[in-house]
Amino acid sequence: MTRTVMNLTRLLVPYFVRRSRSCINAAIDAENVQKRTLARLIAAGRNTIWGQTHRYDKIQGYKDFSECHPVEPYDVLRPYIMRMIAGEKNILWPGTTRRFAQSSGTSDGKSKYIPITDAALRLNHYYGASCSLAMYLDTHRGSHIFDGKSFILGGSYANELALDNKKTKVGDLSATLIDCVNPLVNMVRVPSKKTALLADWHEKLPALVRESAKANVTNISGVPSWFLTVLRSILAESRASSIHDVWPNLEVFFHGGISFAPYRDEYRSITDRGRMNYWENYNASEGFFSAQHEPDNPAMLLLTDAGVFYEFIPADNPAAPPKPVWEVEKGKKYSLVITSCNGLWRFPIGDVVKIESLSPVTLTIAGRTKSYINAFGEEVMVHNTDAALAAACRACRCSVKDYTVAPVYTSGASKGHHQWLIEFSHEPDDMELFSATLDKCLCDENSDYQAKRTGSIFLARLTIASARPGLFDTWLESTGKLGGQRKVPRLSNDRKIIEKMLELNQPSTKI
């Protein structure tokens, strides 16, 4: 397989470099850019039902906006969104919204439905993706990314609603992004739209392999855990050990959705390290918020000009009032609140971010506000477990496909501890050594956990249960989420999820 003679990428780089510099400048001038963004959002929302209810016509600036209503959890927005799904117009955003992203459940156990307005597609999702690509090309001038195909992995329109309105589409965000993309993009993308939108993962996976294995793929985009399954299937079909044997011109993986840390070694094992780049995005159903802007720097540039106004609640003081971006402090962690052109107003998306720099504004993802373990005062978050697991795997020469963690509470003479359920891609030679190593690595990552573990007085060493191959897919299928933008819950403060998985882990269990 050879590259085309003309490097189309070289012709397009100047345009993308200009966009990259524009994104960086907007993150440097964050205060002014964000104030203008808020003014535009308020102007758009004034004549909606929501805007009229909250007197948006009286708002003159951020101070007024911060006082017009509190941060609103999803259960407050749900009735408005369901009216939008039913076809009503001018509810949370001007006009009629026809597309909605089905996202993971809330505290009431129901799925969330996030409006995907035309403005959100244009100003945020597609714009954010182009910014990420622009910053990659700005730092990789020798790229040939446009001289081949993009392999974009997406979900489907499978959903939990019985829709009467046939004009309305509900499903994974990625399904809408693929469905609505400029038709010219389909000329340089695999798989076909029909295959990309298949709902049945068992039918979809072999179709993905068939359509992509012979293509000249230069870049891939998707969720790391899901894409790893696809790549391993392609390798098996092609009888290759490296994906570069299949796609010699592959140069970059644009990834997001979950932490890449537990999967980095797995990807390195099936790629040529000297030819592969990894570029992280912070994108979710609620919006495209930030993207990597420098190689080998995990800090992502906040997209301050992407139709989203950001607020930040100090993670160590959830009762504190939100701060705008011009009042955040470097090195501090915050729960992220957004006001966006998709009609979400002062909405907490459930993520905790750490501000890495202020000019330009950059951040890393620290975890989820509800995805943590604090059963014993240890305050362990996802970024702690991801980092500890990656370090333990390097030390013990093993690799992990998926994992989840839950507390085992003190009972009788048994001390409380964490139970890890891990599906290994390659098991450690000595599980006892791996368990001890993982425990030490977690102590290194989290001082509270280390303090509780001292002398095993308050907290015993973690334990590990090995998951049978495919367990996490089985669990996802039992929840109806296999093949979507799947996110296995990493940490829980109770045992509801892990107990169900342990039940499914029995060899005789079927769903």
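R239 counts as exposed, at 80% relative accessibility. Keep in mind that this is a predicted model. R239 sits in the loop between helix 10 (224-238) and helix 11 (243-246), and although it is not a glycine, its phi is positive, about 55 degrees. R346 is another non-glycine residue with a positive phi, here near 50 degrees. Its place is the loop between strand 13 (333-340) and strand 14, and R346 is buried, with a relative accessible area of 3%.

| Cis peptide bond | Omega | Loop holding the proline |
|---|---|---|
| V190 and P191 | about 0 degrees | P191: between strand 5 (189-190) and helix 8 (193-196) |
| S359 and P360 | about 5 degrees | P360: between strand 14 (347-358) and strand 15 (361-368) |

Now for the helices. Helix 1 (residues 8-28) packs against helix 6 at about 110 degrees, with the axes 7 Å apart. That angle falls within 65 to 115 degrees, so the two helices are roughly perpendicular. The crossing is left-handed. Helix 1 brings residues including F16, V17 and R19 to the contact, and helix 6 brings residues including Y127, L133 and M135. By class, the contact has nine nonpolar, three polar and three charged residues.

Is H140 buried or exposed? It is buried, because its relative accessible area of 15% is under 20%. The H140 side chain makes a polar contact of 3.1 Å with that of T139. Beyond its neighbours within four places in sequence, H140 touches N277, W279 and P295.

Conventions: Residues are numbered from 1 along each chain as its sequence is written. This is a predicted model: local features need pLDDT of at least 70, side-chain atom pairs count only at pLDDT 80 or more; totals for chains, interfaces and linings use all residues. Side-chain values use heavy atoms; hydrogens and water are left out. Buried means under 20% relative accessible area, exposed over 50%, partly exposed in between (1.4 Å probe, protein chains only). A polar contact is a pair of N or O atoms within 3.5 Å; within protein, one must be able to donate a hydrogen and the other to accept it, and residues adjacent in sequence count only if both atoms are side-chain atoms. Contact means heavy atoms within 4.5 Å. Axes are lines fitted to C-alpha atoms, for helices over the stretch in contact, and angles run from 0 to 180 degrees between N-to-C directions. Helices (H or I, at least four residues) and strands (E, at least two) are DSSP runs, numbered from the N terminus. Angles under 35 degrees count as roughly parallel, over 145 as roughly antiparallel, 65 to 115 as roughly perpendicular and the rest as oblique. A crossing is left-handed if the near helix is turned anticlockwise from the far one by less than a right angle, and right-handed if clockwise. Ala, Val, Leu, Ile, Met, Phe, Trp, Tyr, Cys and Pro count as nonpolar, Asp, Glu, Lys and Arg as charged, and the others, Gly among them, as polar.
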